[in-house]
Amino acid sequence: RRAGRSRYARPTPRARPGTPAPAQAAYYVPKGVNLMEPVLCYRLNSPLTEAEATVRAALQKEGFGILTEVDVTAVLRAKLGVETKPYKILGACNPAIAHRAMEADPRVGAFLPCGLALYEDAEGHTTVCLQNPDLISATFHTHGLEEAGNEARERLDSALRSVAKPV
């Protein structure tokens, strides 16, 4: 074995002269989506505890429930003994949309539920960042997933815009 090479490394395949290059994967990008924006952010002029209750209520109106919740501040305090600004991660799910998405491609479950990060700044305002569902649906090459991703983004955006300003 040559130095610096893993025994699992495989040589890069090279095209023979005169053979066409392998086709590049075609990615569908939904109209109006900037794939460079993995998260969509919104700002509430209230502390995290109050903002979280407001966000939960707005999400519920759009059919989303909270399946997971991580109090990052408490975890870091307990595990590392460090104090941080208030920070929470919520996992939001609309069962009908999630079902359609997983029917289209079961692998999408690795990205569910939709993650929202809530964090408080020094002025006591809260920012909510949402993973971009359009980015997730554009990552897969599956017919039918785009509609579920679009609906998720539209409903989540509607919920958050009803209580916060986009950043």
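Glu52 is buried, and so is Lys88, where buried denotes a relative accessible area under 20%, exposed one over 50%, and partly exposed a value in between, with a 1.4 Å probe and protein chains only. The model is a predicted one, in which local features require pLDDT of at least 70 and side-chain atom pairs count only at pLDDT 80 or more, whereas totals for chains, interfaces and linings use all residues. Residues are numbered from 1 along each chain as its sequence is written, and side-chain values rest on heavy atoms, with hydrogens and water left out.

Helix 1, comprising the 14 residues 48-61, reaches 20 Å from its first C-alpha to its last, close to the 20 Å expected at 1.5 Å a residue; the expected span is 1.5 Å times one less than the number of residues, and helices (H or I, at least four residues) and strands (E, at least two) are DSSP runs numbered from the N terminus. The buried residues of helix 1 are Leu48, Ala51, Glu52, Val55, Ala58 and Leu59. They cover an arc of only 130° around the axis, which puts them on the same side of helix 1, the arc being that of the directions from the helix axis to the C-beta atoms. These buried residues pack against strand 1 (39-44), strand 2 (65-71), strand 3 (87-93), strand 4 (114-120), strand 5 (126-131) and helix 5 (145-161), with contact taken as heavy atoms within 4.5 Å. The face of helix 1 turned away from its buried side carries the exposed residues Thr49, Gln60 and Lys61, and the helix is followed by Gly63, whose phi is positive, near 90°.

The structure holds 11 salt bridges, each defined as a side-chain nitrogen of Lys or Arg within 4 Å of a carboxyl oxygen of Asp or Glu. One of them joins Glu52 to Lys88, with the closest N and O atoms 3.1 Å apart. Because Glu52 lies in helix 1 and Lys88 in strand 3, this pair ties together parts that are 36 residues apart in sequence.

A further salt bridge links Glu151 with Arg100, the closest N and O atoms being 2.4 Å apart. Glu151 lies in helix 5 and Arg100 in helix 3 (residues 95-104), so the pair ties together parts that are 51 residues apart in sequence. Glu151 counts as partly exposed at 22% relative accessibility, as does Arg100 at 36%.
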